[in-house]
Amino acid sequence: MKTSIATVSISGTLLEKLKAIAAAGFDGIEIFEQDFIAHDASPREVGDLIRSMGLEITLFQPFRDFEGLPDPLRAKAFDRAEHKFDLMQELGTDLVLVCSSCHPAALGGIDRAAADFAELGERAAKRGLRIGYEALAWSKHVNDHRDAWEIVRRADHANVGLILDSFHTLARKIDPETIRRIPADKIFFVQLADAPLIDMDLLYWSRHFRNMPGEGDLAVTDFMSAVMATGYTGPVSLEIFNDQFRGGQPMTIAKGGHRSLVALMDDVRRAAPTAAKIAPEMPARADVNGVSFIEFATRGDEANALEAMLKTLGFTHSGAHIAKKLALWTQGDIRVVVNRETTGYAGSAYTMHGTTVCDIGLAVSNASETVDRAQHLGADPFKQPIGPGEIDIPAIRGLSGSVLHFVDETSGLKNVWDVEFTQNSDDTPDAGLKRVDHLAQTMSYDQMLNWSLFYTTLFKMHKSPMVDVVDPDGLVRSQALETPDGAFRITLNGAETHRTMAGGFLADSFGASVQHIALASDDIFATSAAMAEMGFKPLPMSENYYADLAARFDLDPDKLARLKAGNILYDEDANGSFYQFYSRPYAGGMFFEIVQRRGDYSGYGAPNAPFRIAAQKRLMRQKGMPRK
């Protein structure tokens, strides 16, 4: 099945858009009339340019306000159509999208519209062209694909068919199952878009908040399953209007769009085995059983400071790599690798970002299948030379060029720690940290939807609603993703300005990915006390925070005193409670978090974030001070 995307979906000039679309792997484009008009080449030259990039023009759009007009407006509409037919033939495409009329003079009436389309179809047939009719959700008379189909049916012309758009159907809460009754040969084209559920004007919602399938809340898989049940074999195309995408990087948006289509069609294929030919077979979403390791690229005094902090967190230096400058630090089920290499990937990561989390190892059900699926979804594989005695662990590139390695139980990959590391015997008591609770990745706001899609299409993960985190100097948007059992959690934090702590971290680290690591304890008070004995210095919280805490929650005075003594923050909901405290910022704004979950609390202490950020900023470089 051919994949396509409307040029209006991504940012940039027409040439920039075409380069990004071709590189992302699409088969074709819907050329949006505004993009063509703004370009400075002739229609024939534009068509030749598109085909030279290995793309075809799957659709020309839009042609507006056509059907149901009284004369002389009706005659003028047909004249306009003839001019567009001329343009289409020069471009080299045979299908035009006619969207249902919003013209104030349009008279309505299914038979009147059908007669108009029958005549338009006859004119198009003389040129070897086709007409696709689409019901706009906010149209004056036809805003339902069922009515559009009835007009097409009554027009009864081989060159007139239906164009279906998931947004227009699902935004109006029309049952997509009604699509199954439409003959496949009368569906000329299918457009896809998702969107968050927002109660607002349909036109404004459509023009500003559409996103890629899988990034929103609409039942796009159900819609596409119904389309495929008809036997449709034409292009599947994205038509996205989104303010974030208009300011984003064309390549990032195009790759995310292609990933969304591939993942969607795989979901449809699995839901309807009879439609197996609609998409190439690939492994299913991977199960993630937890974080296998976290690797820092670091050097010199920064490496010494990091290892000193790990000691105060209760970590033990438990091993050294057989050939490289890698130190293994462990506690509970947590592994932290400190990489001091000056060459190779880690060396370049340090050169770019300073001390940074350069690599995350995930425990998955099948490592090779995970990489296989990732590559089907457009991820870039990662390889570097393997030395004597080392294990080749499957990996891909992640956020900001970082690396994700995959370790499984069945292929021998889990033995890497015994094979590649010598073991140090150390009986130093730990602080009671058990596992990685979650990782927090920081990015620009326009990247968030793309990386949310990356994780949820590659792994079996669900996403929580996006929340706003108030920084004293701006707003940061945050979204949590997690596996069904909570074994792997990650929060994505989008910064819009460098003045926020998240934005400052991005600016100072030149786009490093992981800003903080949250480690779980089963007894946070015991862990806090043990870490204090080891020299750990927590992030100091204000007296005002604990006074407010006493007002918000019915806490025992002794518990409140213990929270205050350990600089521990607290939250609760109907399902349980949450405890957290933080390290002081290090290495340009990174930090550790220690957490304990009680009951079925599944959040991340979001109400505490503004107070945590304010406390961290009090210890960091003051506004207006240059970085050393």
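## Salt bridges, a buried loop residue and a charged patch

Glu33 and Lys84 are joined by a salt bridge between their side chains, with N and O 2.2 Å apart; the term denotes a side-chain nitrogen of Lys or Arg within 4 Å of a carboxyl oxygen of Asp or Glu. Glu33 belongs to helix H2 (residues 33–38) and Lys84 to helix H4 (residues 73–91), so the pair ties together parts that are 51 residues apart in sequence. Helices (H or I, at least four residues) and strands (E, at least two) are DSSP runs, numbered from the N terminus. Glu33 is buried at a relative accessible area of 15%, whereas Lys84, at 23%, is partly exposed. Here buried means under 20% relative accessible area, exposed means over 50%, and partly exposed lies in between (1.4 Å probe, protein chains only).

The model is predicted: local features need pLDDT of at least 70, side-chain atom pairs count only at pLDDT 80 or more, and totals for chains, interfaces and linings use all residues. Residues are numbered from 1 along each chain as its sequence is written, and side-chain values use heavy atoms, with hydrogens and water left out.

The count of salt bridges comes to 41. One of them links Asp471 and Lys617, at 2.7 Å from N to O. Asp471 lies in strand E19 (residues 467–471) and Lys617 in helix H21 (residues 609–619), so this pair ties together parts that are 146 residues apart in sequence. Both Asp471 and Lys617 are buried. Salt bridges with shared partners also join Arg74, Glu82, Asp86, Asp116, Glu119, Arg123 and Arg127 into one network.

Arg246 is partly exposed at 42% relative accessible area, and Asp243 is partly exposed at 41%.

Two loop residues may be considered next. Asn211 sits in the loop between helix H8 (202–209) and helix H9 (220–229), and is buried at 3% relative accessibility. Its side chain reaches the backbone nitrogen of Gly216 at 3.5 Å. Asp554 is placed in the loop between helix H19 (543–552) and helix H20 (557–565), and is exposed, with a relative accessible area of 82%. Asp554 gathers with Asp556, Asp558, Glu572 and Asp573 in a patch of negative charge on the surface. Such patches are made of residues with over 30% relative accessible area and no salt bridge, like charges being joined within 9 Å.

Key: Patch = residues over 30% accessible without salt bridge, like charges linked within 9 Å, V, L, I, M, F, W, Y side chains within 5 Å. Areas by Shrake-Rupley, 256 points an atom, 1.4 Å probe, with all protein chains shown as cover. Lys, Arg positive; Asp, Glu negative; His and termini not counted. Charge placed at Lys NZ, Arg CZ, Asp CG, Glu CD. Polar contact = N/O pair within 3.5 Å; in protein donor to acceptor, adjacent residues only side chain to side chain.
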